[in-house]
Amino acid sequence: MKHASLLGLAPLALYLGAFTLVPVVSTLVLSFRTPEGQWGLGAFRALAAHYQFGDAVVNTLAITGLGLVMELSLGLAAAVALAGRFRGQGLVRVLLLIPLGVPTIVAASTMRYVFGMVGYLNEVLYRLGLLTLPIDWTGSRWLAVGTVALADAWKVTPLVMLILLAGLQAIPRELYEAARTDGAGPWQQFWRITLPLLRPALTMAFIIRGVDAFRIFALPLALVGRHLPVLSTFAYVEYLEYGNPHTSAASSALLLVMIVMTVGAYLRLAGSEEVVR
Amino acid sequence: MAVSMMQGCLAVVWSVLTIVLAVTGADAQPTVTITMRLAEAEWHVVRQEVLPRFEAVCNCRIRAIDIPPETLVQRLRAMQQAGRMEIDLFAQDNMRLRELVDTALAVPFTAEEGQAEEAIYPSLMAVGVSGGVRYFLPFRPNVQIAYYNAEKFAQYRLQPPRTWPELLAVARTFYEKEQIGRVLFTGAGGAPTTTQLYEWIVAAGGDPFDFAHPGTVDTFRFLAALRPYLSSESRRAKWNTTNEALAQEVAYLAQNWPFGVPLLVQEYGKTAIRTYSGWAGPVREAHVIGGDVLGIPVGAPHRQLALAFIRHLQSREVQTILVNRLGWASVRSDVEASVEAWLQPHVVAVGEALRHGIFRTNVSYWAAYERLVDEAVQRILWRHEAPDQVLPPLAARLATLREQQ
């Protein structure tokens, strides 16, 4: 019986080994090798000296942080709104989920029409009399970071909303009824019941989206270009454009470390039992 | 019964053999195999309008295949080592020729074979020669020209710039009139940026592979002076997005390859877009010539037919088709009168640019060089760092690269 269950796990183990473990280990090995085939930290030294690498790290952190704040706030608001009952709820739910089905590269192209110099956003602001000259939404660094984070939030907030909605629906209604009987208002119910009991779902949403946000790739590349480097686009350009697999691997390895550290820190703060539960 | 069955089988075998011999017999048409890297629409025109004319005249069949430029050398080498060369003629990017010569995969043309018609631009003949021997012949040149929005230029009573000071003045005027930069520099990085900068450096009398050369330093200083008046789209500008910027009137002046002409005029209906060869630097006017050249591999089975096909591709008739149907730049200076009226001014612009054409030096460290150019442009243009601070360390790294090769 034991052997049979082990045998049943073999395809999964094989899959994980071939498509996850081997590439990750190969990348790590590559990052510690020099082009001459020696072991060393040359690739990491090259990264430290690279004029764009520091920016790539900061941009990745900023987009991830800003994006997560927007996604969790908007996702929570949408989930709370959808948790109640109202007319047209099904239609609203479908409409809110549409961005999730749009491929990222299509979303990036769409966002170019929104945030371009002659894009819809500038046009709307101009017609409202709020602008006389168009704004280049991806022109300066921090504006570009905000624009990319916003575009990413538009795309993935529905996922966060779905996770949180499932969490909300798992909270027993009786708790709210008891709170109302005791005279608790909507805000008190939200802070004392909803938010604490939603912690497992929030943790799950944070981890899923956090890992994904660190790996953001197509949006910054298509929306802004190379002058807003993030770690994944940095690794891509190093590998494909400049033919430097070692610095590309080193950059990817650091991205992996950042993801592991962030998830680890959050689990430590939020409590890993939430995930286990 | 058995005898009649055997006779029946023999009759079938005989019939099959007769058919096979009829198809592949000694008197069948020879098949010439060529390889080119073309887009689907380009293949359509070549297959429909270019190949049949040659097949009819030479009584042969052309088998056209598409081997990517980056794998051509390996494929030819494999065929050579197997003692079975299947390719009679190849078209290859003019930046990927060195290895074909170094590995002796390209066979030299004799002086007679290598002679070009008078109508072929002399500047295009330079690229096919190595060590005084001709290995390649021009077929499909490409050269960057300047696109401008004639309505906007007329609105502000401006003339298309012909020199660097005029370019700066035009960029400044647009900026002052509209508070937005309208001159586009292809500053997204990679090949588009390197190509544009290469010709600017040569136009300034600089050495593109020496960042300490006074002409190269002057080019970067000029870029820094131009920066405040450049369109902000310049950060993202590549060859494809340049068309978009011109079509949407985000930019009024930009350099790009001629493929944008049919796109802008026919697809976007931007009849106000005009073209000319571009501007000169402090020393000369220079435009990088891209595109493909033709070569014959070692052991090609039909060398004479391949040579005839090269002449066919270079002929006025075929070049006119390629210009009219695909908007390609022509190797010939005499197709202008034969092209459609709306295309003629653009063909003149391309011809003028080709007269000032230059070829990029084929260096084995091109990818590393491109990385240094990207860094220089990023730091000087988009991080506003001073050229005099940025260039010296990059010049040292470039010198090291040169020495290592």
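Predicted model: local features only at pLDDT ≥ 70, side-chain atom pairs only at ≥ 80, totals over all residues.
Within chain A, helix 3 (residues 53-83) and helix 10 (residues 199-214) have axes that come within 10 Å and cross at roughly 145°, and the crossing of helix 3 past helix 10 is right-handed. On the side of helix 3 of chain A, the contact is formed by A:T60, A:I63, A:T64, A:G67, A:L68, A:E71, A:L72 and A:G75, while helix 10 of chain A contributes A:L202, A:A205, A:F206, A:R209, A:G210, A:A213 and A:F214. Sorted by class, the residues in this contact between helix 3 and helix 10 of chain A comprise eight nonpolar, five polar and two charged.

Helix 10 of chain A contains 16 residues, which at 1.5 Å a residue should span 22 Å, and the distance of 22 Å between its end C-alpha atoms agrees with this expectation. The buried residues of helix 10 of chain A are A:A201, A:T203, A:A205, A:F206, A:R209, A:A213 and A:F214; among them, A:A205, A:F206, A:R209, A:A213 and A:F214 also take part in the contact with helix 3 of chain A. In general, an α-helix has 3.6 residues a turn, so residues three or four places apart point the same way.

Between the chains, 12 residues of chain A are in contact with 17 residues of chain B, and the side of chain A that touches chain B is made up of five nonpolar, four polar and three charged residues. Chain B itself is divided into domain 1 (30-142 + 290-355) and domain 2 (145-256 + 363-404), and the C-alpha centres of these two domains of chain B are 31 Å apart.

Note on methods:
Residues numbered from 1 in each chain as written. Chains lettered and ligands numbered in written order. Axes fitted to C-alpha atoms, helices over the stretch in contact; angles between N-to-C directions. Helix = DSSP H or I, 4+ residues; strand = E, 2+ residues; numbered from the N terminus. Left-handed = near helix turned anticlockwise from the far one by under 90°. Contact = placed C-beta atoms within 7 Å. Nonpolar A, V, L, I, M, F, W, Y, C, P; charged D, E, K, R; others polar. Domains from an automatic or database assignment. Expected span 1.5 Å × (residues − 1). Buried ≥ 20, exposed ≤ 12 C-beta atoms within 10 Å, placed from the backbone.
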